[in-house]
Amino acid sequence: MKRLILFFSLSFLISTTAFAQNTEVWVVRHSEKDKTNPEDKDPNLSDEGRIRAADLAIYLKKVKFDVGFSTPYKRTHQTLDSLIIPKVINYKDPKSLVDSVKKNYVGKTIIVAGHSNTVLEIIEAFGGKRPMEMLTDDDYDYIFRLTVKDDKAKVKKDQFGRPHHL
């Protein structure tokens with residue numbers, strides 16, 4: 001009987017440890033930016049973008065994030081402000097973001113706000129398969145959920161808020 005209890009206890013401990021190694025990473029593109037001043041290289045979100053950021057918060061209301069990451073641009077951190085105060089990092093090299101997550105946030109739940117030209121690269125850097133060929137300049141409603149373990153990621157694609165292709 002003692003051996004049986006020890007066996008189940010060890011099995012539970014090993015399965016719990018293995019499960020804890022999964023890191024949940026959500027990747028989203030920033031919401032719509034204000035385009036009224038084409039000279040502005042760092043615009044705020046537009047009215048539509050603020051609505052989409054609120055829709056994102058509603059979509060993810062049951063998810064508790066341990067950390068969020070955004071680029072230095074206003075539109076990425078404004079997209080996440082309703083969810084979490086993001087850490088601002090420069091991830092022109094997505095590998096550095098992945099290395100930081102693997103070093104500091106294994107087993108945590110993370111959200112990353114990127115740009116149309118970085119979102120899919122971030123997914124690939126985490127070991128996930130590109131879920132679509134590309135994001136266009138008007139693709140704002142996609143969200144990607146990655147379950148990351150070691151150098152592999154399972155990717156699920158979804159959409160939130162008002163569909164962008166009406």
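**Reading the fold, feature by feature**

Tutor: Start with burial: of the 166 residues in the protein chain, 39% are buried. Buried means under 20% relative accessible area, exposed means over 50%, and partly exposed lies in between (1.4 Å probe, protein chains only). The model is predicted: local features need pLDDT of at least 70, side-chain atom pairs count only at pLDDT 80 or more, and totals for chains, interfaces and linings use all residues. Residues are numbered from 1 along each chain as its sequence is written, and side-chain values use heavy atoms, with hydrogens and water left out.

Student: How many helices and strands does the protein chain have?
Tutor: Helices (H or I, at least four residues) and strands (E, at least two) are DSSP runs, numbered from the N terminus. The protein chain has five helices and six strands. Read from the N terminus, the order is α-β-α-β-α-β-α-β-α-β-β.

Student: What order do the strands take in the sheet?
Tutor: Two strands pair if DSSP finds at least two bridges between them. Here six strands make an open sheet, ordered β3-β2-β4-β1-β5-β6, with mixed pairing. At the edges are β3 (87-88) and β6 (152-159), each pairing on one side only.

Student: Which strands does β1 pair with, and in which sense?
Tutor: Take each side in turn. Strands β1 and β5 run antiparallel, joined by six bridges. On that side, Thr23 has Val148 of β5 as its bridge partner. Strands β1 and β4 run parallel, also with six bridges. There, Glu24 stands opposite Thr109 of β4. Strand β4 (residues 109-114) also pairs with β2 (residues 67-70), in the parallel sense over three bridges.

Student: Which way do the side chains of β1 point?
Tutor: In a regular strand the side chains alternate between the two faces of the sheet. In β1, Thr23, Val25, Val27 and Arg29 point one way. Glu24, Trp26 and Val28 point the other way. Seven of the seven residues of β1 are buried, so the strand is largely enclosed by the rest of the structure.

Student: Arg29 carries a charge. What surrounds it?
Tutor: Lys and Arg count as positive, Asp and Glu as negative; His and the chain ends are not counted. A salt bridge is a side-chain nitrogen of Lys or Arg within 4 Å of a carboxyl oxygen of Asp or Glu. Arg29 belongs to β1 (residues 23-29). Arg29 is buried but has no salt bridge; Asp137, the nearest side chain of opposite charge, is 4.5 Å away. Now look for polar contacts (N or O atoms within 3.5 Å; within protein, one must be able to donate a hydrogen and the other to accept it, and residues adjacent in sequence count only if both atoms are side-chain atoms). The Arg29 side chain reaches the backbone oxygen of Thr136 at 3.2 Å. A polar atom of that side chain also lies 3.1 Å from the backbone oxygen of Asp139. Contact means heavy atoms within 4.5 Å. Not counting residues up to four places away in sequence, Arg29 touches several residues, among them Thr79, His115, Val119 and Tyr142.

Student: How many salt bridges are there?
Tutor: The count is eight. In one of them, Asp151 meets Lys102 at 2.5 Å, N to O. Asp151 lies in the loop between β5 (142-149) and β6, and Lys102 in helix α4 (residues 94-104), so the pair ties together parts 49 residues apart in sequence. Asp151 is exposed, at 58% relative accessibility. Lys102 is partly exposed, at 32%.
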